Amino acid sequence: MTWLWLKESQKADEYLREIQELGQLTQAVQQCIEAAGHEHQPDMQKSLLRVGLEGRAGQGWELSLLLSGSSQAASFGKCFLDRFPPDSFVCMCQDLRVLNAVRDYHIGIPLTYSQYKQLTIQVLLDRLVLRRLYPLAIQICEYLRLPEVQGVSRILAHWACYKVQQKDVSDEDVARAINQKLGDTPGVSYSDIAARAYGCGRTELAIKLLEYEPRSGEQVPLLLKMKRSKLALSKAIESGDTDLVFTVLLHLKNELNRGDFFMTLRNQPMALSLYRQFCKHQELETLKDLYNQDDNHQELGSFHIRASYATEERIEGRVAALQTAADAFYKAKNEFAAKATEDQMRLLRLQRRLEDELGGQFLDLSLHDTVTTLILGGHNKRAEQLARDFRIPDKRLWWLKLTALADLEDWEELEKFSKSKKSPIGYLPFVEICMKQHNKYEAKKYASRVGPEQKVKALLLVGDVAQAADVAIEHRNEAELSLVLSHCTGATDGATADKIQRARAQAQKK
Amino acid sequence: MFTLKGNRLPAADVKNIIFFVRPRLELMDIIAENVLSEDRRGPVRDFHILFVPRRSLLCEQRLKDLGVLGSFIHREEYSLDLIPFDGDLLSMESEGAFKECYLEGDQTSLYHAAKGLMTLQALYGTIPQIFGKGECARQVANMMIRMKREFTGSQNSIFPVFDNLLLLDRNVDLLTPLATQLTYEGLIDEIYGIQNSYAKLPPEKFAPKKQGDGEAKKLQLNSAEELYAEIRDKNFNAVGSVLSKKAKVISAAFEERHNAKTVGEIKQFVSQLPHMQAARGSLANHTSIAELIKDVTTSEDFFDKLTVEQEFMSGIDTDKVNNYIEDCIAQKHPLIKVLRLVCLQSVCNSGLKQKVLDYYKREILQTYGYEHILTLYNLEKAGLLKPQTGGRNNYPTIRKTLRLWMDDVNEQNPTDISYVYSGYAPLSVRLAQLLSRPGWRSIEEVLRILPGPHFEERQPLPTGLQKKRQPGENRVTLIFFLGGVTFAEIAALRFLSQLEDGGTEYVIATTKLMNGSSWIEALMEKPF
């Protein structure tokens, strides 16, 4: 039938309709397409394939384009069959084109269709690559529209790997040639190519190629392998990946002597701070050396402060560590920290003496708490002395004593204290603290001494609403009046509330 | 699922044991202890370790040094960088991030942030514009650009959800977290602390589930709860009225049952019951929480503290020793509270006069112990507590230009973000607001005063993915706080998102959800 049809015989149409009526047309077309695949002569392939298409004029040239030319898509709308899936036809055309290309005598791979299908395109490409037929391989990839990673990029990478082995070309030229061809082609691993170059003993070329590698994670290990640790370090730092930086640091630490290692760190602040973190956890002594090298006296001071708590057990050791810290602070021109540290030493020694003489726990209490503990223990004289020695400000000392004496519920002493001189914190705190201990009786004593500004508050605290109202009215202070009013509870303070309302009304009249 | 603890592992009849850990060295010691104290005679177990969010060479080295590395069959990473906390909120929950970045020069968390942003872009499209302010913001943007180059092959074909990314350093705005948050959620966090969206509350005000139930009440707080979504971002003073209104609505709904006459009506009523009961439970919970908070906010000390804060933020008496702070120290109030106030004063005065600073420091050391000299130094390094340099106070300029202090604040029906702090408009959010309208060019001068560079980067999109905006359609900005964000700032951003003519919706990401106290605490150093 095929022949009849190709010869444009009228019979063809009859046969065709017959086959169609039998419902075997699809199968017939399919067979024709497959047969084309096993045919080696392009002309015969074309003929067989043409059967799949309607024999109208204009169809033939499309087909020949498909097999030999550049057009990839053919219109199948004019097929004899409605809805015959065009896929198998297109695939066959593509496969044949690839096969014809490799069967060409310049190439000389006489594959059959079955062999090709068995091999897969990937293997065929590999073979082409092995034969260094890079351009053809790339053309095939592009023609078949293979994804770049599997196709063009892979072949370019192979090409580049081959290129680096050309020893007669200079490093610069190779690197440039490779970069020109590859550019930013996705899926190309410059580090793989570089690794190959390194494998061929071309370290300089490898380094040049690595410059094109965007992934630091890939650059760094190879650079380390090539013993370019310092370069690796800066690459790792650029990436921001701290784990990568640590990888290089630990490598460098083993590779370089201590002095060189420290010098390298010094030029890389980010690496230096990371290494410091590492030392803080793992090698405290090294941390100290690092600070020493940089004359970082402030940090050295802090270092010894930490040591005085963490590593030293005995009081002498702790004081010695603090002394070193203080010296460092002086060197850092941080007078405040130095003085504070000296105070801490003084306090430590003193606490030790207190423990020896009075018993009890004093070590590591703050100065404030040491004084409080002394008062609570009834050692008022010593407390006074300590406060003087360390120049505790009057205001705070008053708060301290007030709190301690109220805790002791030593109301007599508290009263004596309150009268020792004029309170720098006023007397409201006395009222508050007595009420906190539920001692209204004592609280009232102080309420009368509270200054006019806080008087109302104090009177309310001790529950003297009536008097609070009087004071507020006297002050003609609206805020105070409403504060008192809010404390008036219906039943008992009715009269007071009325009084306030009257005073308010009067104030408004004026 | 057990929490990581030292010593022997809890007994369980299992073959495989998986450790999910942050790559931190101290955790490796615990794991090693776990593995080594395994019973040799017991059944052999398989150990696996998953690092979140990334494997760390140092940790593996430490495991090796401890002689247990070989015990792990799998050592992998679970790259969970950004954890979703709500529909509009992501956090890395890395509490050390601020300290590491600004004190220790360790940028690990910035790298993770950049990775997280890359993942986000892989899922929601390339973000065409990146804005940033601050040193860390610059670093993250650089890393993102670098990482994008590493993936040149895979063209992202997802239509972008976000129009902008705004990267903000916490140290551009050190002020905001120091102030007491005054939104409902902010106050819950300030007073009780919200951990991983759970708050532990004292049980007294809640109806006990069973007899003798003295344990803290643990409540999950997120926008899935209708009522909470409505009130979380309101100023606390506006919460009461909403709660009482809700109470009326709910009881009216329950009264409906008397009107239900026909079977059909009853059926309809019953079908609504579960929803109504949930609403009633939710209302009861929040009424109790509001009562608890009210007890605190109406206390005299809270009022005094707030007064001092507001004075500082509006620029009153920031240059001399403050009486209230002095009294707090003398009464040995919690150190964190004192530090927050002193730092706030320092920030609002562009640093304190040397004399004032030394006085505070001395008072703190004498009262709380000399060991805190380390903490004070840390605060100084972070720029929170420092001497004024150059004798210039820049804060008033910043305050006026950015309108950080608003005198007429409406807490009930806010018209400006300043409602979240009852007067103070968070600097960070103001920067975001001004970026979207009219743009940062209008505030160049202030941007130069604030630390770190400000920048803009573009990530070109293929034409097919470029957005054609409908009129009236909002832009979506992803705002990333490097170093932490507070609930009040989140509330302020949500307020901006909801503005009718705002034009910008915000999605918020951060290294850590925090408040002033947890922030300061992370910066403290306790040598013993």
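By class, 21 nonpolar, 13 polar and 16 charged residues make up the lining of the second largest pocket in this predicted model. The volume of this pocket is about 1700 Å³. Its lining comprises 50 residues, and those nearest the centre of the pocket are A:Trp399, A:Glu432, B:Asp304, B:Asp327 and B:Gln331. Both chains supply helices to the lining of the second largest pocket. From chain A, α22 (367-376), α24 (394-408), α26 (428-436), α28 (452-461) and α30 (478-487) each provide at least two lining residues, as do α11 (300-313) and α12 (323-330) of chain B. The largest share, 8 residues, is contributed by α24(A).

The largest cavity has a volume of about 60 Å³. Its lining is formed by B:Phe85, B:Asp86, B:Leu89, B:Glu185, B:Ile194, B:Ser197, B:Leu221, B:Arg232, B:Phe487 and B:Leu513. Of these residues, 6 are nonpolar, 1 is polar and 3 are charged.

The second largest cavity holds about 50 Å³ of space. Residues from both chains line this cavity: A:Tyr309, A:Gln344, A:Leu347, A:Leu348, A:Gln351, A:Asp364, A:Leu365 and A:Ser366 are joined by B:Tyr370 and B:Glu371. Helix α21(A) gives the most to this lining, with 4 residues. The lining of the second largest cavity divides into 5 nonpolar, 3 polar and 2 charged residues.

Helix α21(A) also takes part in a contact between the chains. The axes of α21 (residues 335-358) of chain A and α14 (residues 354-368) of chain B come within 12 Å and cross at roughly 20°. Because angles under 35 degrees count as roughly parallel, α21(A) and α14(B) are roughly parallel to each other. Their crossing is right-handed. On the α21(A) side, A:Phe336, A:Ala340 and A:Asp343 take part in the contact, and they meet B:Asp358, B:Lys361, B:Arg362 and B:Leu365 of α14(B). The residues of this contact comprise 3 nonpolar and 4 charged residues, with no polar ones.

Within chain A, two further helix pairs share α27(A). Helix α26(A), one of the helices that supply the lining of the second largest pocket, packs with α27 (residues 440-447) at an angle of about 175°, and the axes of the two helices are 8 Å apart. Since angles over 145 degrees count as roughly antiparallel, α26(A) and α27(A) are roughly antiparallel to each other. In this pair, A:Phe430, A:Val431, A:Cys434 and A:Met435 of α26(A) meet A:Lys440, A:Glu442, A:Ala443, A:Tyr446 and A:Ala447 of α27(A). The contact has 7 nonpolar and 2 charged residues, and no polar residues.

From α25(A), A:Trp411, A:Leu414, A:Glu415 and A:Ser418 meet A:Glu442, A:Lys445 and A:Tyr446 in α27(A). By class, the contact of α25(A) with α27(A) consists of 3 nonpolar, 1 polar and 3 charged residues.

Backbone geometry was considered last. Most residues other than glycine have a negative phi, and most peptide bonds are trans. Departures from this pattern occur in both chains. In chain B, the peptide bond from B:Val52 to B:Pro53 is cis, with omega near 0°, and B:Pro53 is located in the loop between β2 (46-51) and α2 (57-65). The peptide bond from B:Arg437 to B:Pro438 is likewise cis, with omega near 5°; B:Pro438 occupies the loop between α17 (427-436) and α18 (444-449) of chain B. In chain A, A:Arg476 is not a glycine, yet has a positive phi of about 50°. A:Arg476 is placed in the loop between α29 (465-475) and α30 of chain A, and α30(A) is itself among the helices that supply at least two residues to the lining of the second largest pocket.

How values were computed:
Residues numbered from 1 in each chain as written. Chains lettered and ligands numbered in written order. Predicted model: local features only at pLDDT ≥ 70, side-chain atom pairs only at ≥ 80, totals over all residues. Heavy atoms only, no water. 1 Å grid on protein atoms, 1.4 Å probe; cavity = no way out; pocket = protein on both sides within 12 Å on 5 of 7 lines; lining within 4 Å. Points joined across faces, edges and corners; volume = space filled by probe spheres on them. Nonpolar A, V, L, I, M, F, W, Y, C, P; charged D, E, K, R; others polar. Axes fitted to C-alpha atoms, helices over the stretch in contact; angles between N-to-C directions. Parallel < 35°, antiparallel > 145°, perpendicular 65-115°, else oblique. Left-handed = near helix turned anticlockwise from the far one by under 90°. Contact = heavy atoms within 4.5 Å.
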